Amino acid sequence: MIQNGCFEFFENNETFTRLWKRFHAYVRGWGEHHHARCFEIGKETPHYIINWIMNACENRVAGEQFNEEVEGSVKGSTYSHALKMRAAISWGFARDYQCGHQEYKTRQGARWDGNPSLAYEVGKYMVSLQRRKVSCNCF
């Protein structure tokens, strides 16, 4: 039974927690050096997010050439799932690293403020992914 949207919140919270843990595992799979670099929250962090979403939704294995075309029969996860993945990352950085929900931008050299999932690069990739998913009817 749903009361005041509580069921929906807990369902999303469990989904976000599961996806946040998967993101950690994905980055850790690249090695501890990459895991540390990603969670130091610098200019590389948005690229780890993009690679994770790309790997799931375009069915490309990290480390392979990203320029090759994905076969029509191999569609990967949907765009809706990509949006959930990005939302989970936004939630995780806000919760665990107190990044908030502000735009990600540089401030005074190597210091970065805001949430890495809201970086321009991530947004640009999501728009590009949406176009590709719509064009192949894979949304």
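In which hand, left or right, does H4 pass H5 in their crossing? The tour reaches that pair at its last stop.

**Before selecting anything**

The model is predicted, with local features requiring pLDDT of at least 70 and side-chain atom pairs counting only at pLDDT 80 or more, while totals for chains, interfaces and linings use all residues. Residues are numbered from 1 along each chain as its sequence is written, and side-chain values use heavy atoms, with hydrogens and water left out.

**Stop 1: the whole chain**

Display the protein chain as a cartoon; it contains 5 helices and 2 strands. These elements are DSSP runs numbered from the N terminus (helices: H or I, at least four residues; strands: E, at least two). Along the sequence they follow the pattern α-α-α-α-β-β-α. Of the 139 residues, 37% are buried, where buried means under 20% relative accessible area, exposed over 50% and partly exposed in between (1.4 Å probe, protein chains only). Among contacts (heavy atoms within 4.5 Å) with a separation of 6 or more, 59% join residues 24 or more positions apart.

**Stop 2: helix H3**

Select residues 45-57, which form helix H3. H3 is mostly covered, with 10 of its 13 residues buried. The buried set includes Tyr48, Ile49, Ile50, Trp52 and Cys57.

**Stop 3: Thr45**

Now centre on Thr45, within H3. Thr45 counts as buried because its relative accessibility is 0%. Leaving aside residues up to four places away in sequence, Thr45 touches Arg37, Cys38, Phe93, Tyr104 and Pro116. Thr45 and Pro116 are 71 residues apart in sequence, yet their C-alpha atoms are 6.3 Å apart in space. Select Gly42 as well: its backbone nitrogen lies 3.1 Å from a polar atom of the Thr45 side chain, a polar contact being a pair of N or O atoms within 3.5 Å, one able to donate a hydrogen and the other to accept it; residues adjacent in sequence count only if both atoms are side-chain atoms.

**Stop 4: H4 against H5**

Select residues 79-97 (H4) and 120-135 (H5), which pack at an angle of about 165° with their axes 10 Å apart. Axes are lines fitted to C-alpha atoms over the stretch in contact, and angles run from 0 to 180 degrees between N-to-C directions. H4 and H5 are therefore roughly antiparallel (over 145 degrees; under 35 is roughly parallel, 65 to 115 roughly perpendicular, the rest oblique). The crossing of H4 past H5 is right-handed, the near helix being turned clockwise from the far one by less than a right angle. Among the residues making the contact are Tyr79 and Arg86 of H4 and Met126 and Lys133 of H5.

Notes. Expected span 1.5 Å × (residues − 1).
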